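Subject: Structure handover

Hi,

Here is the structure for your next look. My notes follow below it.

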Amino acid sequence: MQETTQTYDFDFAVAGGGPAGTSAAISLALRGHSVVLFERETFPRFHIGESLLSTANDHFAALGVAEKIAAASFPEKWGARLFTHDGMSGRGVDFTASGEVNRPQTYQVCREEFDEILLNRAREVGVDVREGHRVAELEFTADAATLDFVASDGASGRVRVRALVDATGRQGLIAKRYDLRTDEPRLANIAIFAHYKGVPRLEGDRPDDIRLIARADSGWFWLIPISKELMSVGVVLPKALYRQLKQGTPEEMLARAYADTPIVAELMRSAERAWPVRVESDFSYSAKAYAGDRWILAGDAGSFLDPVFSTGVSIAMESGIEAAIELDRARVKNDFSSAAFAGFSKRQRQRFETYRRFVISFYSPEFRDLFFDPEPPKTIFRAVVTVLAGNWRPKLRTRLLNRLFFVFVAMQRYLKFSKLRFRRDAAAGYPTGDTA
Ligand SMILES: Cc1cc2nc3c(=O)[nH]c(=O)nc-3n(C[C@H](O)[C@H](O)[C@H](O)COP(=O)(O)OP(=O)(O)OC[C@H]3O[C@@H](n4cnc5c(N)ncnc54)[C@H](O)[C@@H]3O)c2cc1C
């Protein structure tokens, strides 16, 4: 993958202007490279994915947007409040409990506004941002990546660059083209969601934390305040349960889901829907490879996990920044081969596996017994919270305590460390079989 000619329109191209794409583009530009970014939509545009982790603060600092984000008046998130379907517990997951994140307090964001802040920052640092431009075709040769784009007014064109960051999200331009996606059958879930006015906030000093409410079955709800008025509310259900609910419109299904969980029914009593109800399915997958000759995947274009721990956006930003560091290094060495990107791919895989373990385990009654316990063992939970706040590579002691947590989860079936709060019958809809 050595370069033989020097005729490039830009050093690098980025496909996709979500958090992964803008983070990659900004980081590349800050390192002195010329960058073009293609985004098929025109911003502001709707996007789901509103609750961030503590580590997002490190990414804001690296991208030079920390002040803009702080000034945007997004609701402050200090962690989560966990409830069981009958309203029991209300226990907090407090990001300040972790001594291993730089700044615990993070945000719940309205993605229209948040993504636009990042896209504008990309423009500010010199990225050639082209909204309403869809990347339609790609070609990778020994010395270049060539992209064909189509603009919303029908115009088309081509650019030749040293390498491409594919940050096209679930569209997964390259993953689909090269058949790289690996599905997660145990996480074949469906989400139904909308935004509402008139949903009461939490009481106490952290009214804007995310609420995670377990259903009596294996589903769960999120409630995320994304502005002073609006609350993002959704339900995630394994496919089998979704099929049982599937009569009528998405609006009717969502209303039925609220109605059968008393605490949610009460919270939604005076809610007024402000957005259409949306449905997303099959959103968990990974990739067989995260980089190849002259391309790199960032964010959801590579992998994505069920949103239960709100990892998506923070990981997307992190992987975008990592992609930029990798391409910067590749340029110095003038080596854009997949072999040169092996370390990048390994890191993406390790992070995915770290969170996958939590997410897979969440869809078991044993995990939920422990996780929703009002009085969990403090030291172990501090370690768990560190990872859930975004630090997936904590100190050795914290990693070992996390392992111990999963030992407790595995043994809960036999030793009952925590009260059995969750149904175990087949109709609860927990996935069965191999957890590997
Ligand atoms: C139900 C649900 C709930 C979620 N909740 C959360 C949450 O609470 N917290 C959280 O952190 N994450 C959450 N997520 C995940 C979050 O939405 C994603 O992880 C995040 O948006 C990934 O960012 P990204 O930049 O990789 O992709 P995206 O944000 O999807 O950006 C990709 C961009 O690429 C553009 N694009 C696509 N194809 C092309 C093309 N051919 N040419 C040019 N542009 C293109 C798209 O228009 C889009 O703007 C949730 C996801 C789901 C499904």
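This is a predicted model: local features need pLDDT of at least 70, side-chain atom pairs count only at pLDDT 80 or more; totals for chains, interfaces and linings use all residues.

Residues are numbered from 1 along each chain as its sequence is written.

Strands first. Helices (H or I, at least four residues) and strands (E, at least two) are DSSP runs, numbered from the N terminus. Strand S2 (residues 35-39) has five of its five residues buried, so it is largely enclosed by the rest of the structure. Buried means 20 or more other C-beta atoms within 10 Å of a residue's own, with C-beta atoms placed from the backbone. Val-35, Leu-37 and Glu-39 point one way from S2; Val-36 and Phe-38 point the other way. S1 (residues 10-15) pairs with S2 in the parallel sense, over four bridges. Pairing takes at least two DSSP bridges. Val-14 stands opposite Leu-37.

Now the helices. Axes are lines fitted to C-alpha atoms over the stretch in contact, and angles run from 0 to 180 degrees between N-to-C directions.

- H2 (residues 56-63) and H9 (residues 312-333) pack at about 40 degrees, axes 9 Å apart.
- H9 and H10 (residues 342-362) cross at roughly 165 degrees, and their axes come within 11 Å. H9 is therefore roughly antiparallel to H10 (over 145 degrees).

Best regards

Definitions and conventions: A residue is buried if 20 or more other C-beta atoms lie within 10 Å of its own, exposed if 12 or fewer, and partly exposed in between; C-beta atoms are placed from the backbone. Angles under 35 degrees count as roughly parallel, over 145 as roughly antiparallel, 65 to 115 as roughly perpendicular and the rest as oblique.
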